[in-house]
Amino acid sequence: MTLIRDDRQPQVTCDTCPASFRHIYPEAEFLDLMTDIQSDGWRPRKVAGAWHHTCPDCSKTAERRLL
Ligand SMILES: [Zn+2]
């Protein structure tokens with residue numbers, strides 16, 4: 001039996017590298033997902049009405065670049 005639902009659910013992936021958040025949430029739990037990814041070090045940004053996410057590793061690299 002094959003069950004593929006990933007394409008219907010929001011999966012958080014990094015904009016800068018192939019990393020993705022380990023959990024997949026149903027759309028109704030989007031706010032839980034946002035809270036969880038931020039406590040895990042992800043950085044969500046809303047750009048032109050669309051969400052972009054940066055994984056903890058890339059966030060650290062970006063912060064280091066600013067210093
Ligand atoms: Zn990344």
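**Entry: ground rules.** I number residues from 1 along each chain, as its sequence is written. The model is predicted, so I take local features at pLDDT of at least 70 and side-chain atom pairs only at pLDDT 80 or more, while totals for chains, interfaces and linings use all residues.

**Entry: elements.** I listed 2 helices and 2 strands in the protein. Their order from the N terminus is α-β-β-α. Helices (H or I, at least four residues) and strands (E, at least two) are DSSP runs, numbered from the N terminus.

**Entry: the strand pair.** I checked how β1 and β2 run against each other. Strand β1 covers residues 43–47, strand β2 covers residues 50–54, and the two pair in the antiparallel sense over 5 bridges. Two strands count as paired if DSSP finds at least two bridges between them.

**Entry: burial.** I used C-beta atoms placed from the backbone: a residue is buried if 20 or more other C-beta atoms lie within 10 Å of its own, exposed if 12 or fewer, and partly exposed in between. Buried residues make up 10% of the 67 residues in the protein. I then went through β1 and found it hardly covered, with 0 buried residues among its 5.

**Entry: Ala48.** Where does Ala48 lie? I place Ala48 in the loop between β1 and β2. That hairpin has 2 residues between the strands. Ala48 has a positive phi of about 50 degrees, although it is not a glycine. I keep in mind that most residues other than glycine have a negative phi. Is Ala48 buried or exposed? Ala48 counts as exposed because 5 other C-beta atoms lie within 10 Å.

**Entry: Cys58.** I moved on to helix α2 (residues 56–66), where Cys58 lies. Cys58 has 17 C-beta neighbours inside 10 Å and therefore counts as partly exposed. Which residues does Cys58 contact, leaving aside its neighbours within four places in sequence? I found Cys14, Thr16 and Cys17. Contact here means that the C-beta atoms of two residues, placed from the backbone, lie within 7 Å. Cys58 and Cys17 are 41 residues apart in sequence, and I read 7.6 Å between their C-alpha atoms.

**Entry: Ala19.** I looked next at the segment before α1 (30–39), which holds Ala19. Ala19 is partly exposed because it has 17 other C-beta atoms within 10 Å. Neighbours within four places in sequence aside, Ala19 is in contact with Thr13, Cys14, Cys55 and Asp57. For Ala19 and Asp57, 38 residues apart along the chain, I noted a C-alpha separation of 9.2 Å.

**Entry: Glu27.** Glu27 also lies in the segment before α1. I recorded 9 other C-beta atoms within 10 Å, so Glu27 is exposed. The C-alpha atoms of Glu27 and Gln11 are separated by 9.7 Å, and these residues are 16 apart along the chain.

**Entry: contact range.** I finished with contacts between residues at least 6 apart in sequence. Of these contacts in the protein, 30% join residues at least 24 apart.
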